[in-house]
Amino acid sequence: IGWLQILVVIALSELWRYENVISKYDQGVKPGDLGWNPTAPAGGNRPKWFGPTFTAKYEPEEWNLMKLREMKHARLAMLGFGFMVCQNAASGRGPSLFPSFSTPEYASQVGDFVPKGL
């Protein structure tokens, strides 16, 4: 039932985002602007957010720097995820915080099927 709750929350948030942001691009709403910070210098029309808001007051230069940082970090995260997928495809192991220096299964001895000590 936990997975169902997660899926329902994701579906409802995406539905809200489609209704209030994506469908209003032609009215001047910027992509990615969910209206969480009503005092941000985002420009254009702002969607109405139903939850708590942030009140950080950014200058336009600082706002543009924050957007640039967000794009750089997102690209770095996508690159890291790509390397995780490649590691999984090459070795069959999942990502881990601690490196595993064990010999992969394909590099071990082949044909040693008789149990030792018989």
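Where does I1 lie relative to α1? I1 is placed in the segment before α1. The model described here is predicted. A search of the whole structure turns up one salt bridge, and the largest pocket has a volume of about 570 Å³.

**The salt bridge**
- The partners are R17 and E14, whose closest N and O atoms are 2.9 Å apart.
- This pair counts as a salt bridge because the cut-off is a side-chain nitrogen of Lys or Arg within 4 Å of a carboxyl oxygen of Asp or Glu.
- In general, side chains of opposite charge can pair when their charged atoms come close.
- Both R17 and E14 belong to helix α1, which covers residues 2-20.
- R17 and E14 are three residues apart, about one turn of the helix.
- R17 has a relative accessible area of 29%, so R17 is partly exposed.
- E14 is also partly exposed, with a relative accessible area of 39%.

**The nonpolar surface patch**
- I1, L4, V8, L12 and L15 make a nonpolar surface patch of about 540 Å².
- One of these residues, I1, sits in the segment before α1.
- I1 counts as exposed because its relative accessibility is 80%, and the cut-off for exposed is over 50%.

**The largest pocket**
- The largest pocket, with a volume of about 570 Å³, is lined by 17 residues.
- Among the lining residues, the closest to the centre of the pocket are G32, D33, L34, W63 and E70.
- By type, the lining of the largest pocket has nine nonpolar, three polar and five charged residues.

**The loop between α1 and α2**
- K30 is located in the loop between α1 and α2, where α2 covers residues 60-91.
- K30 has 41% relative accessibility, so K30 counts as partly exposed.
- In sequence, K30 and G43 are 13 residues apart, while in space they are 7.9 Å apart, C-alpha to C-alpha.
- N45 is also found in the loop between α1 and α2.
- N45 counts as partly exposed, at 41% relative accessibility.
- N45 and D33 are twelve residues apart along the chain, and their C-alpha atoms are separated by 9.6 Å.

Technical notes. Residues numbered from 1 in each chain as written. Predicted model: local features only at pLDDT ≥ 70, side-chain atom pairs only at ≥ 80, totals over all residues. Heavy atoms only, no water. Helix = DSSP H or I, 4+ residues; strand = E, 2+ residues; numbered from the N terminus. Buried < 20%, exposed > 50% of the residue type's maximum accessible area, 1.4 Å probe, protein only. Patch = residues over 30% accessible without salt bridge, like charges linked within 9 Å, V, L, I, M, F, W, Y side chains within 5 Å. Areas by Shrake-Rupley, 256 points an atom, 1.4 Å probe, with all protein chains shown as cover. 1 Å grid on protein atoms, 1.4 Å probe; cavity = no way out; pocket = protein on both sides within 12 Å on 5 of 7 lines; lining within 4 Å. Points joined across faces, edges and corners; volume = space filled by probe spheres on them. Nonpolar A, V, L, I, M, F, W, Y, C, P; charged D, E, K, R; others polar.
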